[in-house]
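Hello,

Here is the structure I promised to pass on. Please open it first, then read my notes below.

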Amino acid sequence: MAARAYWKGQIRLALVSIPVEIYSATKSGAAVTFRQIHEPSGKPVKYEKVVPGIGAIDHDDIVKGFELSKGNYVLLDEEEIEAVKLESKRTLELVQFVDTDAIDVLYYTKPYYVVPADELAEEAYIVLREALKRTKKVGLGQLALRGQEQLVALRPCGRGLVLEVLRYADEVNKAANYFRDVGNAKPDADLLDLAETLIGKKSGKFDASDYHNHYVDALKRVIAKKAKAKGKRVLEDVEEPAEVSRGSNVIDLMAALKASVDGKKAPAEEKKAPAKKPAARKRA
């Protein structure tokens with residue numbers, strides 16, 4: 001089954017727009033999850049909404065509340081929540097560039113592969129990739145998706161680009177709150193030399209395939225063995241959401257870059273390349 005794009009749109013750098021598709025760079029295949037099953041019937045257990053002292057309630061009677069203090073809530077209806085949601089956009093504007101090591105690892109949450117949407121977008125895509133490599137910079141922007149706004153960073157990765165979703169400042173605990181009691185004394189020189197020697201002996205190139213989750217591996221073997229036994233039950237898969245349509249906007253790259261540097265208007269308004277059907281491409 002072909003991978004489903006997480007987002008389709010365009011990356012904009014000043015007057016240059018690059019149609020792209022974004023795919024999840026990670027998967028949860030290594031994790032093993034379970035459903036609670038009613039053993040006599042073999043059916044999955046569902047959870048019922050209950051209120052202490054009242055019991056089961058109707059779903060239509062449920063509203064959302066924000067807890068101001070213990071037991072005190074501000075109630076919001078769906079219309080109030082929907083009113084402040086941001087409209088999903090198909091454009092990611094790169095508004096700032098920072099050094100590749102300027103973003104602390106604590107801010108990174110989830111990576112996505114960014115690929116050109118078609119052959120017409122590939123030239124501008126490659127120019128942006130190489131420019132980021134040569135300047136050793138990371139592009140920053142905010143992506144409005146599913147009603148919320150995500151802070152993202154765009155960085156080169158091999159022959160492609162990777163988009164990293166970042167945490168906002170108020171989502172990261174301050175390290176000083178945890179390390180304030182750690183001593184600041186200088187270590188013994190001999191102990192430090194010994195530690196550096198041990199580190200040097202065990203240093204090497206990182207290869208993720210060298211490491212395995214032994215618990216998950218063992219658990220999968222148990223599941224595989226159990227699945228071959230008689231009396232097993234299999235539940236139906238949940239359908240995935242429908243695919244979002246894509247827009248495209250390709251303009252003359254050299255003119256757009258020059259105009260962006262000079263601060264002129266978009267050349268796309270003066271001359272647009274005639275639209276042509278992109279050639280079929282194979283993707284891994």
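Is Tyr6 buried, partly exposed or exposed? Tyr6 is partly exposed, with a relative accessible area of 23%. Keep in mind that this is a predicted model.

Tyr6 belongs to an aromatic pair. The whole structure holds two such pairs. In one, the ring centres of Tyr6 and Tyr112 are 4.5 Å apart, and the planes meet at 25°, so this pair is stacked. Tyr6 sits in the segment before strand 1, while Tyr112 is in strand 11, so the pair ties together parts 106 residues apart in sequence. Tyr112 counts as buried, at 6% relative accessibility.

The other pair is Phe206 with Tyr211. It is stacked too, with 6.4 Å from centre to centre and 20° between the planes. Phe206 is exposed, at 65%. Tyr211 is exposed as well, at 61%.

Now the inside. The largest nonpolar core has 24 residues. Those that touch the most other members are Ile11, Ile18, Val114, Leu128, Leu154 and Leu163. Several elements give two or more residues to this core, including strand 1, strand 2 and helix 6. Helix 2 gives the most, with five residues. Look at Leu128: leaving out residues up to four places away in sequence, Leu128 touches Ile11, Leu13, Ile18, Leu94, Leu154 and Leu161. Another core, of seven residues, lies apart; Val98 and Leu140 are among them.

Last, the surface. Phe66, Leu68, Val74 and Leu76 form a nonpolar patch there, with about 380 Å² of accessible area together. Strand 7 and strand 8 each give two or more residues to the patch. Phe66 lies in strand 7 and counts as exposed, at 55% relative accessibility.

Best wishes

Notes:
Residues are numbered from 1 along each chain as its sequence is written. This is a predicted model: local features need pLDDT of at least 70, side-chain atom pairs count only at pLDDT 80 or more; totals for chains, interfaces and linings use all residues. Side-chain values use heavy atoms; hydrogens and water are left out. Patches are made of residues with over 30% relative accessible area and no salt bridge: like charges are joined within 9 Å, nonpolar side chains (Val, Leu, Ile, Met, Phe, Trp, Tyr) within 5 Å. Accessible areas come from the Shrake-Rupley method with a 1.4 Å probe; for residues, only the protein chains shown count as cover. A salt bridge is a side-chain nitrogen of Lys or Arg within 4 Å of a carboxyl oxygen of Asp or Glu. Helices (H or I, at least four residues) and strands (E, at least two) are DSSP runs, numbered from the N terminus. Buried means under 20% relative accessible area, exposed over 50%, partly exposed in between (1.4 Å probe, protein chains only). A nonpolar core is a set of buried Ala, Val, Leu, Ile, Met, Phe, Trp, Tyr and Cys residues joined through side-chain atoms within 4.5 Å. Contact means heavy atoms within 4.5 Å. Rings of Phe, Tyr and Trp (its six-membered ring) pair if their centres lie within 6.5 Å; planes under 30 degrees apart count as stacked, over 60 as edge-to-face and the rest as tilted.
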